[in-house]
Amino acid sequence: MTVPEGVVDQCRLALEIIGRALTEAGSSFADVVRVTYILPDRADFPACWPVLADVFGANPPAATMIEAGLIDPAMKIEIEVTARAPAT
């Protein structure tokens, strides 16, 4: 997989991958109750806000942003979510 260079494009890609995983589990971004963003440079985070607002809408989940090194220096953002399981 080719990783985009910019943080916003990496954010979009991460959310696309998360969206597919949520769909496969029978959930959606509306079911996300917690999200953690990890960035090597916290100054990159504000550029991602428009993308995150589009995905999470008017009622975003609880969130934490952590500034930390990532395994690959080419990575500019990592996103982890916790979602409710679909009702059965």
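This is a predicted model: local features need pLDDT of at least 70, side-chain atom pairs count only at pLDDT 80 or more; totals for chains, interfaces and linings use all residues.
**Exercise 1. Classify the ring pairs of phenylalanine 45 with tyrosine 37 and with tryptophan 49.**

Step 1. A pair of aromatic rings is described by the distance of the centres and the angle of the planes.

Step 2. The structure has three aromatic pairs. One of them joins tyrosine 37 to phenylalanine 45, with 5.0 Å between centres and 50° between planes. Planes under 30 degrees apart would be stacked and over 60 edge-to-face, so this pair is tilted.

Step 3. For phenylalanine 45 and tryptophan 49 the centres are 5.3 Å apart and the planes stand at 70°. That angle is over 60 degrees, so the pair is edge-to-face.

Step 4. Ring pairs therefore link Tyr37, Phe45 and Trp49 into a cluster.

**Exercise 2. Decide for tyrosine 37, phenylalanine 45 and tryptophan 49 whether each is buried, partly exposed or exposed.**

Step 1. Buried requires under 20% relative accessible area, and exposed requires over 50%.

Step 2. Tyrosine 37 has 4%, so it is buried. Phenylalanine 45 has 9% and is buried as well.

**Exercise 3. Find which parts of the chain are tied together by the bridges aspartate 31 to arginine 84 and arginine 42 to glutamate 67.**

Step 1. The side chains of aspartate 31 and arginine 84 meet at 3.4 Å, N to O. Aspartate 31 sits in the loop between α1 and β1 (32-39), and arginine 84 in the segment after β3 (78-83), so the bridge ties together parts 53 residues apart in sequence. Arginine 84 is partly exposed, at 47%.

Step 2. In the bridge between arginine 42 and glutamate 67, the closest N and O atoms are 4.0 Å apart. Arginine 42 is in the loop between β1 and α2 (49-56) and glutamate 67 in strand β2 (residues 62-67), so this pair ties together parts 25 residues apart in sequence.

Step 3. Arginine 42 has 54% relative accessibility and is exposed, whereas glutamate 67, at 42%, is partly exposed.

Notes
Residues are numbered from 1 along each chain as its sequence is written. Side-chain values use heavy atoms; hydrogens and water are left out. Rings of Phe, Tyr and Trp (its six-membered ring) pair if their centres lie within 6.5 Å; planes under 30 degrees apart count as stacked, over 60 as edge-to-face and the rest as tilted. Buried means under 20% relative accessible area, exposed over 50%, partly exposed in between (1.4 Å probe, protein chains only). Helices (H or I, at least four residues) and strands (E, at least two) are DSSP runs, numbered from the N terminus.
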